[in-house]
Amino acid sequence: MDFDSSCKNKKTANESMLICCMLFISESRNRTALDLIERAARLDPETVIVNQFEDRVYNRIRFTIVSYVVVDSTGSPIYSPLHQTVLAMVEAAYGAINLELHTGAHPRIGVVDDIAFHPLAETSLDEAAWLAKAVAADIGSRFQVPVFLYAAAHPTGRAPDTIRRELDYYRPNFMGSQWAGWNTPETLPENPDHGPTHVSPTRGVTLIGARSWVTLYNIPIMCTDVSTARRIARMVSARGGGLPTVQSLALFHGDNSTEIACMLLEPNRIGADRVQAQVEMLAAQEGLDVEKGYFTDFSPEMIVQKYMNLISARRG
């Protein structure tokens with residue numbers, strides 16, 4: 001998707017219209033693969049990697065990438081450098097990673113497991129959804145990977161965890177706490193929004209969505225019994241009758257600990273401090289120690305500032 005000089009002029013006028021892409025890839029141990037993906041991300045000088053979070057136990061990496069979006073005279077989005085940058089990173093990932101050979105402590109259903117677009121600054125959720133749907137269509141057709149849309153990118157606004165449960169995303173298939181290879185049927189239980197209904201076990205499935213900002217916050221528990229940690233995670237989450245707008249998952253995380261991985265859907269309503277206190281209370285009832293949790297990314301304000309600093313330095 002090329003853009004002409006008029007779009008370039010609009011870009012300058014709309015510098016505060018930014019979109020953030022969270023690209024989750026099922027790999028963190030293969031440095032050659034990660035280098036190839038990162039190199040693809042740096043091909044376009046108008047996109048910036050503002051952060052990346054790697055976890056070797058989970059065998060998962062998340063790239064946080066930011067760029068602008070251009071709108072036409074009616075206010076409709078027509079171009080973002082993120083589009084081609086994300087596709088280049090996805091292509092590099094599919095070329096370097098084989099899901100059948102992947103093992104990790106974090107659930108996943110694809111090499112490119114999740115792509116989430118978030119509006120920043122003056123951008124609306126509509127622009128983020130437009131980009132999510134455009135990227136999804138290209139991944140489905142170009143790479144022949146089934147793609148399911150969620151949140152604002154889907155007509156019904158369905159939640160990603162609904163799709164994941166249908167695909168057994170949350171059910172470990174190796175050693176009781178690990179995910180190994182492609183572990184669901186190669187013919188999907190329902191048609192994807194884009195791409196084939198038949199799954200390549202080497203690439204798996206991709207979820208793509210657009211949503212308002214969510215906060216990811218992980219809390220280590222000094223416990224090797226994953227079943228106990230899962231019970232705590234269930235009581236923390238809204239689904240289990242715990243804190244509203246909180247989703248949580250207990251995951252093995254090393255020889256002597258597990259983690260309660262939390263997604264705060266409305267961090268201004270239920271923040272990390274409240275989640276931390278709830279986990280500590282529930283763990284104490286089990287006689288377990290809890291460490292201070294940690295965020296896996298910056299705040300939206302910090303991400304915008306880092307983007308502005310990096311893009312200014314890059315332009316000289």
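Me: Which residues point one way from β3 and which the other way, and are they buried or exposed?

Reply: In this predicted model, Arg60, Arg62, Thr64, Val66 and Tyr68 point one way from β3, while Ile61, Phe63, Ile65 and Ser67 point the other way, and all of them are buried. In a regular strand the side chains alternate between the two faces of the sheet.

Me: What makes β3 a strand that is largely enclosed by the rest of the structure?

Reply: A residue counts as buried when its relative accessible area is under 20%, and nine of the nine residues of β3, which spans residues 60-68, are buried, so the strand is largely enclosed by the rest of the structure.

Me: How do you know that β3 pairs with β1 and with β2, and in which sense?

Reply: Two strands pair if at least two bridges are found between them. Strand β1 (residues 17-25) is joined to β3 by eight bridges and the two run antiparallel, with Met22 standing opposite Thr64 in β3. Strand β2 (residues 48-55) pairs with β3 over seven bridges, again in the antiparallel sense, and the bridge partner of Phe53 is Arg62 in β3.

Me: Why are β2 and β8 said to stand at the edges of their sheet?

Reply: The sheet is an open one of six strands in the order β2-β3-β1-β7-β10-β8, with mixed pairing. β2 and β8 (147-151) each have a single partner strand, so one side of each is left without a neighbour in the sheet. From one strand to the next, the twist averages 15°. Within this sheet, β1 is joined to strand β7 (residues 112-121) by nine bridges, and these two run antiparallel; the bridge partner of Cys21 in β7 is Phe117.

Me: Which helices lie against this sheet, and which strands do they meet?

Reply: Helix α2 (residues 31-41) packs on the sheet, where it touches β1, β2 and β3, and its direction makes about 165° with that of β2. Helix α8 (residues 300-315) lies across β1, β2, β3 and β7, and runs at about 125° to β2.

Me: What is the order of the strands in the sheet that contains β12, and what makes β12 an edge strand?

Reply: Four strands form an open sheet in the order β12-β13-β11-β14, and the pairing is antiparallel. The edge strands are β12 and β14 (294-295), each of which pairs on one side only. β12 and β13 pair over seven bridges, with Phe252 opposite Thr258 in β13, and the two strands form a hairpin with five residues between them, where Gly254 in the turn has a positive phi of about 120°. Seven bridges also join β11 to β13, and Tyr217 stands opposite Cys262 in β13.

Me: Why are the buried residues of α6 placed on the same side of the helix?

Reply: In helix α6 (residues 226-236), the residues Val226, Thr228, Ala229, Ile232, Ala233 and Val236 are buried. These residues cover an arc of only 160° around the axis, which puts them on the same side of α6. They pack against β11, β12, β13 and α7.

Me: Why is Asn98 called partly exposed?

Reply: The term covers values between the limits of under 20% for buried and over 50% for exposed, and Asn98 has a relative accessible area of 28%, so Asn98 is partly exposed. Asn98 is found in the loop between α3 and β6.

Key
Residues are numbered from 1 along each chain as its sequence is written. This is a predicted model: local features need pLDDT of at least 70, side-chain atom pairs count only at pLDDT 80 or more; totals for chains, interfaces and linings use all residues. Side-chain values use heavy atoms; hydrogens and water are left out. Buried means under 20% relative accessible area, exposed over 50%, partly exposed in between (1.4 Å probe, protein chains only). The arc is that of the directions from the helix axis to the C-beta atoms. Contact means heavy atoms within 4.5 Å. Axes are lines fitted to C-alpha atoms, for helices over the stretch in contact, and angles run from 0 to 180 degrees between N-to-C directions.
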